[in-house]
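Subject: Structure for you to look at

Hello,

I am passing on the structure we spoke about, with notes on what was found in it. Please read them with the model open beside you.

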Amino acid sequence: MTGPLLCSGMQYKRRGFQEASSVLGAALAHLSRKRVSQKALESSSLHPAAAAGTGAQAFWLVAEDQDNDNLTYGMSGPNAYFFTVTPPTGEVKLASPLDYETLYTFQVTISVSDGSNHRQKEMQVIVEDRNDNAPVFQNTAFSTSIDELRRALFETHGYRLSAWVVQVHSGTTLPVGSVVFSVLAQDKDTGSAGVVVYTIEKHLHRQPQGRVIPSTGDSEHLFWILANGSIILNGSLSYNNKSAFYQLELKACVSGGAGGGARDPQLWLMAAVSLQDMGGMFNNSFIVQCSVPVLLSISVVDQPDLDPQFVREFYSASVAEDAAKGTSVLKVEAVDGDKGINDPVIYSISNSTRPGWFDIGADGVIRVNGSLDREELLEEGEEVQLQVTATETHLNIHGQEAKVSTWVTVSVTDVNDHIPEFYNCSLPACTFTPEEARVNFTGYVDEHASPRIPIEDLTMVVYDPDKAGVGSNGTFLLSLGGPDAEAFSVSPERAAGSAAVQVLVRSSVLVDYERQTVMTVQVVATDSVSQNFSVAMVTIHLRDINDHRPTFPQSLYDLMVPEHSTTGYVVTSSIHVSDVDMAGLWGPSKQSCMWTVTVRNGKLLDRESQAVYYLTLQAADGGNLSSSTMLQIHLLDINDNAPMVSGSYNIFVQEEEDNVSVIIQAHDNDEPGTNNSRLLFSLLPGPYNHNFSLDPDTGLLRNLGTLDREAIDPALGGHIMLTVLVSDCGEPVLSTKVNVTISVELVLCMEP
């Protein structure tokens with residue numbers, strides 16, 4: 001009887017397993033009567049799948065026995081616990097999971113017995129790898145910092161990455177277009193199942209496992225991951241305007257399922273980065289294993305690219321003009337526009353309408369630095385404009401100062417620190433300059449002027465530069481003093497700010513030129529608050545009043561002058577006027593003078609236009625008192641006008657029947673009733689004058705006999721021409737000629 005022989009031949013059988021992807025091999029043991037060599041025993045091997053589940057059929061032990069006895073199978077050895085053997089059948093099942101990554105090959109001792117004979121053999125088990133492991137990140141920390149101004153410029157797969165540098169938290173400056181952060185993952189599987197692929201998932205809003213918060217337009221492509229796990233910045237960052245912190249969710253496949261709650265979109269940015277292997281067999285299927293999600297936190301490192309900003313848009317304050325040096329006025333505050341840097345700022349006053357009045361400390365407090373005077377700011381609205389500049393301690397990224405300026409308005413309020421003073425000017429033209437300041441004034445007034453009459457030529461103004469309306473500031477009282485104060489009063493008696501001052505006559509009796517010609521008063525201006533005062537002296541010159549008028553001996557003077565007298569012709573030089581007032585037509589001694597009247601323009605003296613002129617002669621003294629007399633000037637006629645003939649004279653008569661009878665109409669514009677206007681008529685010599693007569697006084701022209709046409713020179717055609725001379729009787733004689741035409745018409749005689 002021969003025993004069973006365990007053969008080295010191997011046979012694969014397909015078996016289905018509950019969780020395994022596939023079974024790559026099953027051993028087939030053969031019983032043989034031949035003895036198997038040790039080498040053959042060692043070369044026997046089995047290739048079970050690493051991912052096969054416990055209880056799954058692994059393989060069969062098969063032996064042959066020539067006696068066809070019932071065989072019993074077994075397995076032993078330190079690694080036999082991985083399997084269980086069904087002795088009667090040789091079916092081998094997994095008793096403990098196989099793990100390629102832990103033990104990828106081992107040996108077991110297989111045996112077979114027919115009850116009498118026993119055979120055993122060493123069998124090598126080679127575990128075939130399955131894609132049962134997901135990639136695992138090797139990083140221990142997932143955080144970094146990036147310079148906000150860095151961009152990458154890197155062309156890959158159609159994406160445009162920036163051309164600047166990024167700066168990690170450790171301070172290392174990376175090359176342009178390089179890595180923000182690098183991740184490293186390993187997959188224990190072998191072959192394609194162990195090759196790690198990095199991707200950043202797009203369209204994360206469709207995936208519950210990962211979201212982009214906030215969902216801005218450029219957040220989807222803000223970062224890019226390369227095949228080696230390097231994460232590249234692919235867009236602009238802004239610590240102040242976008243986000244100071246980003247978070248990438250590095251996770252496995254983002255397929256299906258519900259996601260978690262959303263974070264604050266203003267604080268977080270999440271992007272999903274998928275980590276997967278290239279895929280392999282598992283449980284009889286080709287699958288891709290994905291990583292366990294991890295979070296990568298990216299902090300944006302703020303850069304000094306922004307100027308500081310004042311926390312308020314406008315600054316204004318007020319301070320009393322008597323504030324002591326060092327008095328706080330107000331505080332300005334500016335902060336670094338780069339919130340992540342918050343560089344301290346240094347304050348300075350870069351411009352001022354009143355340099356030196358104020359300064360500013362490192363704390364931004366503006367303080368009084370000198371004496372203040374509100375009255376110096378009247379033309380500036382009582383305000384001081386300060387330009388305050390805040391400069392960051394360090395230079396910005398361009399190597400320049402980062403600074404900002406703002407204007408601060410400081411109103412200087414009034415205190416009662418001035419007394420009223422006197423100025424020689426007239427409101428509102430006063431400028432209240434030192435040149436206008438006076439303490440001595442002069443004025444004039446007539447003696448015995450009525451009460452309330454002001455002193456003339458007194459241009460006095462009192463001015464208190466303190467601000468009126470602020471309590472009693474700028475208010476003052478006016479009063480009179482001095483030796484002649486009883487004779488006068490002052491107006492107004494109370495005023496604020498500025499006022500024109502009048503000194504008025506109070507007692508007319510005391511203002512007497514004959515008693516004193518000059519009077520003196522003092523005008524006192526007293527501050528109503530401090531009672532401090534100033535004094536101005538007013539010298540008043542009295543003027544003698546004019547109480548007599550000039551007089552003429554006659555009320556009417558009848559004068560004559562030839563017409564057309566030459567310019568300068570003396571009409572009269574005997575007009576007498578006198579005044580009993582002071583010399584110069586004003587005073588107690590008698591004064592008189594003779595006036596002469598002359599022709600100013602003789603061409604205008606035409607008697608024919610105006611025969612008599614009436615003039616009023618007025619005499620006024622220095623006190624504007626006057627009297628008048630009448631001048632009646634008659635123009636004497638001269639023979640300056642020639643006689644004037646009216647009309648034309650053409651007379652028609654029939655021969656031997658009609659008579660000529662016509663008056664020559666003429667006149668003279670000289671004075672009527674004088675020889676200058678008396679006219680004489682005469683005929684100038686002519687061939688037919690003997691046929692006519694002309695009255696020398698009336699100008700009546702008559703024929704002396706019948707007129708015969710045949711007696712007239714035929715060449716004259718029956719027309720007789722007479723010339724009449726009209727002359728005046730003046731000196732010299734002036735005359736005018738006029739032609740008279742007499743046409744004699746022919747009468748035809750008819751024989752019976």
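Arg702 counts as partly exposed, because its relative accessibility is 43%. Please keep in mind that this is a predicted model. Arg702 belongs to strand β51, which covers residues 700–703.

Next, the salt bridges. In general, side chains of opposite charge can pair when their charged atoms come close. The count here comes to 13 salt bridges. A few of them are set out below.

- Arg543 and Asp446: their side chains meet with an N to O distance of 2.8 Å. Arg543 is in strand β39 (residues 533–543) and Asp446 is in strand β32 (residues 440–446), so this pair ties together parts that are 97 residues apart in sequence. Arg543 is partly exposed at 26% relative accessibility, and Asp446 is partly exposed at 31%.
- Glu401 and Lys403: this salt bridge has an N to O distance of 3.7 Å. Glu401 has a relative accessible area of 48% and is therefore partly exposed. Lys403, at 43%, is partly exposed too.
- Arg607 and Glu608: the closest N and O atoms of this salt bridge are 3.4 Å apart. Arg607 counts as buried because its relative accessibility is 12%, and buried means under 20%. Glu608, at 26%, counts as partly exposed.

There is also a network of salt bridges that links Arg374, Glu375, Glu382, Asp414 and Lys467. One of these residues, Glu375, turns up again in the lining of a pocket.

Now the pockets. The largest pocket has a volume of about 320 Å³. Its lining is made up of Val561, Val571, Val597, Thr598, Val599, Arg600, Asn601, Leu604, Leu605, Tyr613, Leu615 and Ile633. Which strands each supply at least two residues of that lining? They are β42 (591–598) and β43 (612–620). By residue type, the lining of the largest pocket has nine nonpolar residues, two polar and one charged.

The second largest pocket has a volume of about 250 Å³. Glu375 lines this pocket, together with Asp373, Leu378, Glu379, His418, Ile419, Glu421, Tyr423, Thr431, Phe432, Tyr463 and Pro465. The lining of the second largest pocket divides into six nonpolar residues, two polar and four charged.

Last, the surface. Leu556, Tyr614 and Met630 form a nonpolar patch there, and together they have about 290 Å² of accessible area. Is Met630 buried, partly exposed or exposed? Its relative accessible area is 31%, so Met630 is partly exposed.

If you want a place to start, these are the items to find in the model: the pair Arg543 and Asp446, the lining of the largest pocket, and the patch of Leu556, Tyr614 and Met630.

Regards

Technical notes. Residues are numbered from 1 along each chain as its sequence is written. This is a predicted model: local features need pLDDT of at least 70, side-chain atom pairs count only at pLDDT 80 or more; totals for chains, interfaces and linings use all residues. Side-chain values use heavy atoms; hydrogens and water are left out. On a 1 Å grid over the protein atoms alone, a cavity is a set of points where a 1.4 Å probe fits but cannot get out, and a pocket is an open set with protein on both sides within 12 Å along at least five of seven lines; lining residues have an atom within 4 Å of a point. Grid points are joined across faces, edges and corners, and a volume is the space filled by probe spheres set on the points. Helices (H or I, at least four residues) and strands (E, at least two) are DSSP runs, numbered from the N terminus. Ala, Val, Leu, Ile, Met, Phe, Trp, Tyr, Cys and Pro count as nonpolar, Asp, Glu, Lys and Arg as charged, and the others, Gly among them, as polar. Patches are made of residues with over 30% relative accessible area and no salt bridge: like charges are joined within 9 Å, nonpolar side chains (Val, Leu, Ile, Met, Phe, Trp, Tyr) within 5 Å. Accessible areas come from the Shrake-Rupley method with a 1.4 Å probe; for residues, only the protein chains shown count as cover. A salt bridge is a side-chain nitrogen of Lys or Arg within 4 Å of a carboxyl oxygen of Asp or Glu. Buried means under 20% relative accessible area, exposed over 50%, partly exposed in between (1.4 Å probe, protein chains only).
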